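Me: Please take a close look at one part of this structure and keep the answer in one piece. I would like the criteria stated where they are used.

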Amino acid sequence: MGDYHFVYKDVEGASTQWDDIQRKLGNLPPKPAPFKPPGFTPAQDEASVSKDKSWIDQKTEEELEDLEDDLDLDDDNFLQEYRKKRLVEIREAAKISKFGSVNPISGSDFVREVSQAPSDVWVVVILYKEGIQECDVLMNCLQELATRYPATKFVKIISTDCIPNYPDCNLPTLLVYNNGAVKANYVGLRSFGRRCTPEGVALVLCQADPVLNDGQSGNDESRKSMLEGVRRKIIEKVVRDHEDGIDDGSSSD
């Protein structure tokens, strides 16, 4: 019987007639699929790739910068302009990913986070202290604005960490920085009107400069366009609140 088994087993242990019979009887597991190596696809030669918008879209920021001196693009004004546009979009997207909330900083962080911020980034700094109601009101407004305008940098710092012996009666205080310099400062909640709302704070911040940036307007950071956007949001909120008031009155009847 031992010789019989030897006849049906090849030296490499591959499937034999004996194995096939045992599989049919259910004594052996199913035969595994034969191994097929993946097909070989040669890498595409960069020189043979069609250089169009989709080709530009696949490039990283570093690759797009390297293409500035690409001789093949020198004669294609459209692709050169599109390359510049994509660089702006990538940098704006990277900027947005960094912000979007009011981040706490310490006194030792101030120079790096505020004074040395990139020249195209506006920084809004709130000086505050815990337990002061006015600080909480303004902080809530800034949290909402930070979400709406993620390309503007919002930070908060305890007042005496920033300015030793800074009086609590001046809190909250808002400082606006750009390109390493103070562009505006607002002392106390009264600076933002009788009712401090995110829309009111946004309007005050943008009166002199395009401080707020939603990151969706590309290079258009003019004061006029920024103010128009802020005013539009204020009008939308007023209309929405008015409609909510009407609905509440109707339901109460």
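Is Glu199 buried or exposed, and what is its relative accessible area?

Reply: Glu199 is buried, with a relative accessible area of 5%; buried means under 20% relative accessible area, exposed means over 50% and partly exposed lies in between, with a 1.4 Å probe and protein chains only. This is a predicted model, in which local features need pLDDT of at least 70 and side-chain atom pairs count only at pLDDT 80 or more, while totals for chains, interfaces and linings use all residues. Residues are numbered from 1 along each chain as its sequence is written, and side-chain values use heavy atoms, with hydrogens and water left out.

The side chain of Glu199 meets that of Arg148 in a salt bridge, at 2.7 Å from N to O. A salt bridge here is a side-chain nitrogen of Lys or Arg within 4 Å of a carboxyl oxygen of Asp or Glu. Because Glu199 lies in helix α10 (residues 198-205) and Arg148 in helix α8, the pair ties together parts that are 51 residues apart in sequence. Helices (H or I, at least four residues) and strands (E, at least two) are DSSP runs, numbered from the N terminus.

Arg148 also forms a salt bridge with Glu144, where the closest N and O atoms are 2.4 Å apart. These two residues are four apart in helix α8, so about one helical turn separates them. Arg148 is partly exposed at 24% relative accessible area, and Glu144 is partly exposed at 36%. The count of salt bridges comes to eight.

Helix α8 (residues 133-148) leads on to the sheet: the helix lies across β1, β2 (122-128), β3 and β4 (173-178), running at about 160° to β2. Contact means heavy atoms within 4.5 Å; axes are lines fitted to C-alpha atoms, for helices over the stretch in contact, and angles run from 0 to 180 degrees between N-to-C directions.

The sheet is open and has five strands in the order β1-β3-β2-β4-β5, with mixed pairing. β1 (102-104) and β5 (181-187) stand at the edges with a single partner strand each, so one side of each has no neighbour in the sheet. On average, neighbouring strands are turned by 25° against each other, direction ignored. Two strands pair if DSSP finds at least two bridges between them.

β1 and β3 (residues 153-158) run parallel and are joined by three bridges; Val102 has Phe154 as its bridge partner in β3. Strand β3 also holds Lys156, which is buried yet has no salt bridge, the nearest side chain of opposite charge being Glu130, 5.7 Å away. Lys and Arg count as positive and Asp and Glu as negative, with His and the chain ends not counted. Leaving out residues up to four places away in sequence, Lys156 touches Val102, Asn103, Pro104, Ile105, Ile126, Tyr128 and Met139.

Six of the six residues of β4 are buried, so β4 is largely enclosed by the rest of the structure. In a regular strand the side chains alternate between the two faces of the sheet. On one side of β4 Thr173, Leu175 and Tyr177 are buried, and on the other Leu174, Val176 and Asn178 are too. β4 runs antiparallel to β2, joined by six bridges, with Val125 opposite Leu175. β4 also pairs with β5 in the antiparallel sense over six bridges, one of them between Val176 and Ala184. β4 and β5 form a hairpin with two residues between them, and Asn179 in the turn has a positive phi of about 55°.
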